[in-house]
Amino acid sequence: MRRALSTGLLLSFFICLLTAGTSRSDEENALTRKLPVAGGAQSEQRVALVIGNGAYDTAPLRNPANDAKAVAKGLAALGFDVTERENLTQKDMKREIQAFGQKLLKGGVGLFYFAGHGMQVNGRNFLIPVGASIEHEKQVEYEGVDAGAVLTEMEYARNRLNIVILDACRDNPFARSFRSGAQGLASINAPTGTLIAYATSPGSVANDGPADNGVYTGELVKIMETPGLRIEDVFKQVRSAVREMTQGKQIPWESSSLEGDFFFRPPAPKPQQPPQQAQPPEQQLVAGTAADRTTAGTAGSQTPRGESRPKAPKIWKEPVTGMEFVWVPGGCFLMGSPQTEQDREVDEGPVHEACIDGYWMAKSEVTNGQFRKFLSKHNSRDYERHSLNGDSQPVVYISWDDANSFAQWLMAQNGGQYKFRLPTEAEWEYACRAGTATIRYWGDDPNKACDNENIGDQAAKKQWGWEDVHECEDAYAATAPVASFQPNGFGLYDMLGNVAEWTQDIYSIDVYTKHDRNNPVYTDVQGGTDRVIRGGYWHGGPANVRCSDRSAGLPGGMNDDLGFRLVREP
Ligand SMILES: [Ca+2]
Ligand SMILES: [Ca+2]
Ligand SMILES: [Ca+2]
């Protein structure tokens, strides 16, 4: 078809361009003019498989074929050997994926792009072929194509770097007949050297777009053209553009374990403007992100997300206590709050990008029952005749030292096989946000808290006459059994309520100016003695129920509103 032919021509022209310097050939056409002139410093092969499925019997989609064409054209201009296919059946999709895997064996960079319907079933993502006959959830496995198959091909090929782009989270037309009603895709763990980009956050749906292209792909195609933009920054810019265009309803997402750099279009040979350099002064950084946040924020309050996002996170159960851990996929996020955020405090800035490796995080706080396996006589007492001591309530009256002793004990119980520890505050905030950029993971509105968290609410107001509470009722005046409310986008419970949580870090008011970009943590005991406490709690007002809020406590201190949860290292 058109593409196979023109791509072949284009690629041979490109190679010719590289070897023969600047000489132009008769074959030059509109496309080839976009090629980097001498800067094409890429000698490694680039292979792409691009699939757009739209001609479904049920719920056809207008844009995927156009999206696939646009992506294929863009990638071809960037030196990719592109195979572009549209409206494939299951058999054809599988065949193309295998052929793609064969090409990857020669090394270099692989890119897989899919636009169309996608569904998650039990935490696995399925791309839906044209002609699939799906009436029940269980048929998805037989009729769909497991996105994991693409990753398997990539892992097997062991080529340097892989990119998977799934613009496949469009509303699930079959959801009504599905028991779980699962929407969107699950977030999957990116194998080493892979970046997986989703058109939207795990568990939510993408916009098919008013024009010829889906919103996501339209932006991606534009932005990947930018010379000298690292792949991570390409997707970051796409995220901010899409968020703005959809007024915060769609927030793209990546899971990355890339090692080394990749540029769709390498930097121009004469350095024009080093793209990353003009960052630091706080004003600038905050001003930029504040604008983003405001856009997302306004929309967030109109259309709160995360209230009942179905999801199927990867779970691991610790055998001794039965504590469940959720896999938190690695990625980058903006840590801290912009100066415009309501109730923001000075220790929450500057907003800076932090990149976190994947880790296991306990689904909720450690309970009294779990803690008493370690220390049978522990008593979490009560508050004004409300017991805080039930087995399924979060353990309180726990110092930072106690929390660490528990982690050590649990490691020993597991024969040293797993490393348990308190989360870093960066891991904690990343987990709380779960891909969102709003003040709370469900949006900006504090009064929507009661679906998601046990916080200071009207129940507490009735009971004790407290004024600084949320305008909603969560039915618990004191602590609730853990995981009683809706989880966030990662499948984590009680991140902003029930009890506040100890983290590993030493508290320092200006520590964000010292953070590394990757896995920042501050544990320098010269810096002070207090440890960082994160998250809201059962009597917290809106100011305390924010993902970016930080507070501190002495490592030996304890209280009725302070507990912890653990992280397991991968
Ligand atoms: Ca409450
Ligand atoms: Ca909590
Ligand atoms: Ca604070």
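I count a residue as buried if 20 or more other C-beta atoms lie within 10 Å of its own. I keep that cut-off beside me while I look through this predicted model.

**Entry: strand 3**

I began with strand 3, residues 109-115, and found it mostly covered, with seven of its seven residues buried. Which residues lie on each side of strand 3? On one side I listed Val109, Leu111, Tyr113 and Ala115, on the other Gly110, Phe112 and Phe114, and both faces are covered.

I then looked for the partners of strand 3. Strand 1, residues 46-52, pairs with strand 3 in the parallel sense over seven bridges, and within that pairing I noted Leu111 as the bridge partner of Ala48. Strand 7, residues 161-167, also runs parallel to strand 3 and is joined to it by seven bridges; here I found Ala115 opposite Asp167.

Setting aside its neighbours within four places in sequence, I found Ala48 in contact with Leu75, Phe80, Asp81, Val82, Leu111 and Tyr113.

**Entry: the chain as a whole**

Stepping back, I recorded twelve helices and 22 strands for the chain. Of its 570 residues, 52% count as buried. Among the contacts with a separation of 6 or more, 72% are between residues 24 or more positions apart.

How confident is the prediction, and where is the pLDDT below 50? The mean pLDDT of the chain is 81, and 79% of the residues reach 70 or more. Over residues 1-41, however, the pLDDT is below 50, although this stretch has 38 contacts in the model beyond near neighbours in sequence. Residues 271-310 also have a pLDDT below 50, and that stretch has 73 such contacts.

I looked next at an open sheet of four strands, which has the order 20-19-18-21 and mixed pairing.

Another open sheet has three strands in the order 4-5-6, with antiparallel pairing. Its edge strands are strand 4 (118-121) and strand 6 (145-146), each of which pairs on one side only. Between strand 4 and strand 5, residues 124-127, I found four bridges, and in strand 5 the bridge partner of Val121 is Arg124.

**Entry: helix 7**

Helix 7 has 15 residues, 231-245, and reaches 21 Å from its first C-alpha to its last, close to the 21 Å expected at 1.5 Å a residue. Its buried residues include Ile231, Val234, Phe235 and Val238, and I also marked Arg239 and Arg243 as buried. After helix 7 comes Gln247, which has a positive phi near 50 degrees.

**Entry: backbone angles**

Most residues other than glycine have a negative phi, and most peptide bonds are trans. With that in mind I noted Ala483, with a phi near 55 degrees, in the loop between helix 12 (458-464) and strand 18 (500-506). Asn519 has a phi near 45 degrees and is placed in the loop between strand 18 and strand 19. The peptide bond from Gly349 to Pro350 is cis, with omega near -5 degrees, and Pro350 lies in the loop between strand 12 (331-335) and strand 13 (352-356).

Note on methods
Residues are numbered from 1 along each chain as its sequence is written. Chains are lettered from A and ligands numbered from 1 in the order in which they are written. This is a predicted model: local features need pLDDT of at least 70, side-chain atom pairs count only at pLDDT 80 or more; totals for chains, interfaces and linings use all residues. Two residues are in contact if their C-beta atoms, placed from the backbone, lie within 7 Å. pLDDT is the predictor's confidence in each residue, from 0 to 100. A residue is buried if 20 or more other C-beta atoms lie within 10 Å of its own, exposed if 12 or fewer, and partly exposed in between; C-beta atoms are placed from the backbone. Helices (H or I, at least four residues) and strands (E, at least two) are DSSP runs, numbered from the N terminus. Two strands pair if DSSP finds at least two bridges between them. The expected span of a helix is 1.5 Å times one less than its number of residues.
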